[in-house]
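Let's take a walk through this one together. Have the sequence and the 3D view open side by side and follow along.

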Amino acid sequence: MKQEILFQMKSPYRDDFKIQGFRFGEGEKSVAIVGAMRGDEIQQQFTCSQVVKNLIELENEGRILPGHEILVIPSANHFSMNINKRFWAMDNTDINRMFPGYDKGETTQRIASALFEQVRGFKYGIQLASFYMPGEFIPHVRMMDTGFQNTKLAKKFGLPYVLIRKPKPYDTTVLNYNWQVFDTQAFSIYSGDTDTINKESAKIAWLSILRFLNSMKIIDNNIHDGYNSCVLSDQDLKTIKSNQAGILYSLRGAKDEVKEGDLLAKILDPFTGAVRSEIFSPVDGTIFFAHDKPLIHQNTVMYKIVRF
Amino acid sequence: MIKTIISEGLPVDEQLLIRKKIVQNGTGQKRICIVTGTHGDELEGQYVCFELIRRLNENIQFLDGTVEVYPALNPLGVDSVTRGIPTFDLDMNRIFPGDPNGHLIEHTAYEIIQDLRGADMVIDIHASNIFLREMPQARINVKMSRKLIPYAKMLNIDFIWIHDAATVLESTLAHSLNVIKTPTIVVEMGIGMRITRDYGNRLVDGIFNMMKKMKMWSGTVSKDISHPMLSTTGKVCFMNAEASGIIIPSVSHSVDVKKGDLLCQIVDPFEGVILQNVLSPVDGTVFTLRTYPVVYEGSLIARIFSKTPCHDSL
């Protein structure tokens with residue numbers, strides 16, 4: 001393993017900002033793995049660190065197969081993580097809305113450019129991602145429908161679901177999209193949490209990455225096959241929105257199987273505790289996404305359920 | 001009349017309210033809309049809303065049509081000094097045209113579009129951010145330029161920047177309205193978290209001038225309407241910091257500079273040394289200038305409009 005500084009920038013008063021890379025093996029640029037790009041992506045950073053730990057062990061045992069190079073970048077934004085901010089510490093811009101970047105542009109454009117320069121050209125790209133809505137997910141692989149996506153490959157992660165979604169205009173500046181446009185097979189791994197460490201779901205995520213690398217004959221690390229992933233699109237998810245605001249009293253969470261008519265949650269009056277609304281499942285299925293904050297706005301996505 | 005276009009419950013004893021002021025007189029069917037407060041830290045539009053409504057109220061007899069004013073599309077942000085929407089990660093001006101089945105804010109964006117749809121003109125007022133001061137200017141997508149430039153010239157601004165079509169900008173309010181044939185001009189002026197009264201008065205003069213030309217206003221208008229520079233007659237040069245440090249400015253905003261003029265110095269207060277002398281690469285007009293002193297490598301320092309070509313220009 002070679003630990004390298006891939007990008008370095010001076011700060012007026014803080015320590016230098018550095019992006020560190022961990023490079024394994026030599027040969028074809030096989031896979032690049034990117035962890036936290038936002039300061040609250042602690043779960044993503046932790047998961048990536050475990051990938052590095054496992055790869056170091058595998059390398060010591062000679063189980064990274066010849067002819068493959070693996071690059072892991074656990075953190076691209078610790079300047080924000082160290083001060084509990086989600087976006088870039090200085091101007092609150094989002095590095096993952098700056099790809100492919102611009103090396104003569106603004107600070108986060110330069111960071112994105114430097115990062116993309118390092119990770120482009122790899123055959124596979126894996127990002128440990130987080131979502132813009134607060135909530136818990138079933139671990140899954142997410143791909144954008146760019147016409148370049150390969151769902152057969154995504155199933156090799158062995159996660160329960162592969163979700164294909166149509167990119168929106170703002171998606172055109174994220175890493176995953178640009179990877180695909182520049183001929184890298186790109187996968188975003190959602191392990192379910194962001195600003196807290198959930199060891200169970202993190203392990204599911206890092207094992208899925210090792211499983212993929214094994215399946216693609218990049219490492220020799222036999223583990224169980226995982227799930228026979230179900231491939232979904234947004235239309236396969238039934239969205240349930242809140243009809244009231246208040247305190248959310250959740251009864252069911254992500255991964256739960258539910259029947260039509262099951263009580264999923266109650267929304268309580270924050271003054272009297274009276275039940276303002278009961279939320280029932282409209283379908284039989286598995287909860288794919290569940291809002292997990294204690295307060296809920298009206299007309300907000302509470303659940304997404306995969307229909308049986 | 002004040003009309004509520006969005007009312008959604010917040011968790012504890014509060015509604016998310018988005019409201020508009022409707023000023024109407026006469027039988028004219030023309031409708032213009034003034035929207036601002038998409039970014040909660042951009043406040044220049046607040047004065048424009050106030051002054052526009054004040055002048056309309058004082059001379060309502062000259063209005064023949066409808067003026068709708070939306071002072072705060074992001075009321076939670078304006079009232080809490082937050083650029084984005086509190087509790088929501090995405091920039092509000094990157095989620096249009098919204099989604100009737102999406103998150104509360106995506107649904108809100110959808111409803112805003114429906115409410116503005118069909119207006120004869122929408123002016124979407126922005127105020128840069130807390131780092132940069134902008135000369136009063138219109139920003140127009142090149143695809144919409146033929147229709148919108150004549151209106152932008154009426155607005156008493158200094159500069160019209162015709163920019164290339166970028167996919168990411170398709171999710172802005174202005175683009176989303178323009179594609180449904182609701183003509184919309186983005187005005188950028190001033191700086192975040194502040195009000196520049198002179199700029200506000202100028203734009204209000206411009207709005208009345210535009211209404212006069214649209215035959216919605218029969219009262220007097222300013223005779224001193226400016227003739228804006230058009231970006232297609234030259235180049236926009238970007239200057240970014242090449243060192244991290246503290247900026248000491250050497251020029252004022254909106255001035256003309258010569259090639260080689262010192263715009264600012266980036267200094268290291270620890271060592272007492274100059275890290276970078278930022279020189280103008282061209283003769284031109286400084287229409288964007290950084291006012292916030294702390295910079296990282298890459299921070300935008302200035303934009304200069306020049307009638308001569310320059311390096312790294314758009």
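Predicted model: local features only at pLDDT ≥ 70, side-chain atom pairs only at ≥ 80, totals over all residues.

Start with chain A, where the domain assignment gives domain 1 (2-228) and domain 2 (235-307). Taken over C-alpha atoms, the centres of domain 1 and domain 2 of chain A are separated by 31 Å. Where these two touch, domain 1 of chain A puts in eight residues and domain 2 of chain A puts in ten. On the domain 1 side of that contact in chain A, you'll find five nonpolar, two polar and one charged residues.

Now hop over to chain B. Here the assignment gives domain 1 (2-230) and domain 2 (234-306), and the centres of domain 1 and domain 2 of chain B, over C-alpha atoms, are separated by 30 Å. The contact takes eleven residues from domain 1 of chain B and twelve residues from domain 2 of chain B. If you want to find the domain 1 side by eye, look for β6 (132-141) and β7 (159-163) of chain B, the elements that give two or more residues to it. β6(B) has the largest share of that side, with five residues. By class, the side of domain 1 of chain B that touches domain 2 of chain B has eight nonpolar, one polar and two charged residues.

Next, the helices. Two packed helices are described by the angle between their axes and the distance between the axes.

Among the α1(B) residues in the contact are Tyr47(B), Glu51(B) and Arg55(B); from α6(B), look for Arg197(B), Leu203(B) and Ile207(B), among others. The contact of α1(B) with α6(B) has seven nonpolar, two polar and four charged residues.

Back in chain A, four strands form an open, antiparallel sheet in the order β15-β14-β12-β17. β15 (275-280) and β17 (295-296) of chain A each have a single partner strand, so one side of each is left without a neighbour in the sheet. Two bridges join β12 (residues 246-250) of chain A to β17(A), and Gly246(A) has Ile296(A) of β17(A) as its bridge partner.

That brings us to the two chains together: 33 residues of chain A are in contact with 29 residues of chain B. From chain A, α3 (107-119), β12 and β17 each supply at least two residues, and α3(A) gives the most, with three residues. By class, the side of chain A that touches chain B has 13 nonpolar, 14 polar and six charged residues.

Conventions
Residues numbered from 1 in each chain as written. Chains lettered and ligands numbered in written order. Pairing = 2+ DSSP bridges. Domains from an automatic or database assignment. Contact = placed C-beta atoms within 7 Å. Nonpolar A, V, L, I, M, F, W, Y, C, P; charged D, E, K, R; others polar.
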